[in-house]
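Hi everyone, thanks for coming.

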Amino acid sequence: MTRLYLLALLVLATSTAVAQTAPAPPDPTQDPLMVTGGFLTWHPDLRFRLLGMEAAKQDDQEKAFKAFQRASFYADKPAQGMVAEMYWTGQGTARDPVLAYAWMDLAAERGYRGFLGLRERYWKALDDAQREQAIAQGQAIYARYGDAAALPRIASQLRRGRSQAVGSRTGFAGNAKIYVPGPGGYETIDATKFYDARYWDPKQYQQWHDSIWSEPRVGRVEIGEMQPMDSRIPATEPEVDAREPEVPGVEDDGLEEPGAP
């Protein structure tokens, strides 16, 4: 894994995982429990973050960038931070510090401390003209990817998945594990807990993410004397029905699209 992705998984995360951690399977996107059980099918935020991480490991930076954008479409803050970092470094896309700031501002929308710190570092590196551009361009990014637009999307997927993931519970018994990406590696979910409400109820699902990425909640950003700040980008009308970003080769990744037979 490149230095960039280690940064995303280790520096952007500010807490240890709440679940037991374990090494990733050779290709987690091919884990039969995750696919046939419907977990990734109905969790596109995790699905496309995984795809982005796997593409990065294969040094396919362009695909990684697209996959992180797709995960971002479903309110995945770590993926949004990855898009920002890739714009900042020019990996997988043309370097654009203006868009990098706008995306990192978006990643910091919920007050996750690691993202706030990087957002402020980006801001300090921009000149006055770039700052104006970042505020202007950031409004379109928030309209499409901000929580006001993206949380209803993931909530819809979770509700549909909960109503359709009706396979035999006995198929998830024993010592089998479901892998999901988290800070510093992969977390495991005991397959017997596949139907736990925290993975399917939209409110509990967001709380689960918060417990992983934002504990403790932001009280102060430790960058000199800097204090935490709200977004500099004005609120804008959310585009809940915006079109999903495309990911090259996603049809061949072995995962079914939601609703596929």
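Predicted model: local features only at pLDDT ≥ 70, side-chain atom pairs only at ≥ 80, totals over all residues.

Residues are numbered from 1 along each chain as its sequence is written, and side-chain values use heavy atoms, with hydrogens and water left out.

So, the layout. The chain has 10 helices and three strands; helices are DSSP runs of H or I with at least four residues, strands are runs of E with at least two, and both are numbered from the N terminus. Along the sequence you read α-β-α-α-α-α-α-α-α-α-β-β-α. Of the 261 residues, 53% are buried, where buried means under 20% relative accessible area, exposed means over 50%, and partly exposed is in between, with a 1.4 Å probe and protein chains only.

Now the core. A nonpolar core here is a set of buried Ala, Val, Leu, Ile, Met, Phe, Trp, Tyr and Cys residues joined through side-chain atoms within 4.5 Å. The largest one has 59 residues, and Phe68, Tyr87, Trp103, Met104, Tyr122 and Ile141 have the most contacts inside it. Which helix gives the largest share? That's α6, with nine residues. Look at Tyr87: beyond its neighbours within four places in sequence, its contacts include Phe65, Gln69, Pro97 and Trp103, a contact being heavy atoms within 4.5 Å.

Phe65 and Phe68 bring us to α4, as both are among its buried residues. In total, 10 of the 12 residues of α4 are buried.

Next, α9 and α10. Their axes come within 9 Å and cross at roughly 115°; axes are lines fitted to C-alpha atoms, for helices over the stretch in contact, and angles run from 0 to 180 degrees between N-to-C directions. On the α9 side we have Leu151, Ile154, Ala155, Leu158 and Arg159, meeting Pro202, Tyr205 and Gln206 in α10.

Last, two loop residues. Most residues other than glycine have a negative phi. Asp59, between α3 and α4, has a positive phi near 60°, and Ala75, between α4 and α5, has one of about 70°. Are they buried or exposed? Asp59 is exposed at 54% relative accessibility, whereas Ala75 is buried at 7%.
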